[in-house]
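Subject: A structure to look through

Hello,

Here is the structure I promised to pass on. Please open it and keep it beside you as you read.

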Amino acid sequence: MITSTSNSQIKRLLQLQKKGKARNEEGVFLVEGLRMYGEVPEECVEKVYIAETLYHKRKAELRLERFPVEILSDAVFSHVSDTKSPQGILCIVKQKSYDVEELLDRANPHFMVLDNLQDPGNLGTIVRTAEGAGADAVFLSRESVDLYNPKTIRSTMGSIYRMPVIYIEDLVKLLERFREKGIKSYAAHLEGKNTYDKEDYRSGTALLIGNEGNGLREEIADAADIRIRIPMQGQVESLNAAIAASILMFEVYRQRR
C-alpha cells in the first residue's frame, strides 16, 4: 500500500492529472469514480488505484482481480483526486485512436464538428449528447480544449469510452472530404439561411459549432454547404455551445427515428 505522497507513482498520477502534454506523451488519461470505473473497457485499463477503505469494503464486488491494482491510503488518494468528494477509485486508461476514412465510409453518417471549443464541460457534454443522439463521431479543431482534461472526462459520463473523438489539423480540408463523400455540412450561424428544423438530415450530415465567444471562424463557416440558425425570442443572441449542439444533434436523430 502506498502511504506517501512522495511516491513516484503518486507523482506520475499528479502529472497525468494536471498536464495534457504528459497524458499525450504516454497515450493515457485518468478516469475517477465508481461509474467511470464500472464502464471502462477492460482492454483499455493500464492500472487501477483504489483507496484503502473502499478496497476493504468492496474489493470482491469491484472484481479488481481483472486489473493491476495499487492500494492507496485514504489520505494519499485524496491528495491525487481531482474531485472534492473522492469516491476512492481511479484508473489510468489508454487513449483510443480512430481512422477518419473508416468513419467517413459509414452509411449516412451523423457527425459533430467543433471549431476552437474552449470549455471542457461543454466538450464533455457534447460527447455525451452525441452518443445519446446516435452520432458517429465528434471532430475537433486542433486548437480546441483538451479532450482528456479531467473535467471533460467527468462531463462525458462514460461516453468517452464509446464515442469516437478526433482532432483534425485542417477543418476546411475535412469539410471538402465530407463533400466528396456526399456528406452535407451545416454551420450553426447567426446569419443562417434557414432555421435548423427546415433542413433534411436523413442522409450524411455534419453539424458545425464554433467557439463559445466568437462562434465559427468565417473560413470554416464559408466552407460549409449551408448556414443554419436556431430561432430565439427575447434579447438572446446565441445559446451555450453544448445546448446548441444538443438541439441540432437531436433534430437529426428525430428525423432519422
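Below is what I found, from the whole chain down to single residues.

First, the ground rules. This is a predicted model, in which local features need pLDDT of at least 70, side-chain atom pairs count only at pLDDT 80 or more, and totals for chains, interfaces and linings use all residues. Residues are numbered from 1 along each chain as its sequence is written, and side-chain values use heavy atoms, with hydrogens and water left out.

**The whole chain**

The chain has eleven helices and eleven strands. Both are DSSP runs, numbered from the N terminus: helices are H or I with at least four residues, strands are E with at least two. The C-alpha atoms fill a box of roughly 60 × 40 × 30 Å along the principal axes. Of the 257 residues, 51% count as buried. Buried means under 20% relative accessible area, exposed over 50%, and partly exposed in between, with a 1.4 Å probe and protein chains only.

Now contacts, meaning heavy atoms within 4.5 Å. Take those with a separation of 6 or more: residues 24 or more positions apart account for 77% of them.

**The sheet**

Seven strands make an open, parallel sheet. Their order is β7-β6-β5-β10-β8-β11-β9. Two strands pair if DSSP finds at least two bridges between them. The edges are β7 (165–168) and β9 (194–195), each pairing on one side only. Two bridges join β9 to β11 (residues 226–229), and these strands run parallel. Thr195 has Arg229 of β11 as its bridge partner.

Helix α11 (residues 241–256) lies across β5 (110–114), β8 (184–188), β10 (205–209) and β11. It runs at about 165 degrees to β10. Axes here are lines fitted to C-alpha atoms, for helices over the stretch in contact, and angles run from 0 to 180 degrees between N-to-C directions.

Helix α7 (residues 120–132) packs with α11 at about 10 degrees, with the axes 9 Å apart. That makes the two helices roughly parallel. The cut-offs are under 35 degrees for roughly parallel, over 145 for roughly antiparallel, 65 to 115 for roughly perpendicular, and oblique for the rest. Residues in this contact include Ile126 and Thr129 of α7, and Ala245 and Met249 of α11.

**The cores**

A nonpolar core is a set of buried Ala, Val, Leu, Ile, Met, Phe, Trp, Tyr and Cys residues joined through side-chain atoms within 4.5 Å. The largest has 50 residues, and Met112, Leu114 and Met249 have the most contacts inside it. Helix α11 gives the largest share, seven residues. A second, separate core of 21 residues includes Leu171, Ala206, Leu216 and Ala223.

What does Met249 touch beyond its neighbours within four places in sequence? Its contacts include His110, Met112, Ile126 and Leu207.

His110 sits in strand β5. It is buried, at 1% relative accessibility. Leaving out residues up to four places away in sequence, His110 touches Ala133, Thr205, Met249 and Arg256, among others.

Ile183 is in the loop between α9 (171–180) and β8. Is Ile183 buried or exposed? Ile183 is buried, with a relative accessible area of 3%. Not counting residues up to four places away, Ile183 touches Phe111, Phe178, Gly204 and Asp225, among others.

Best wishes
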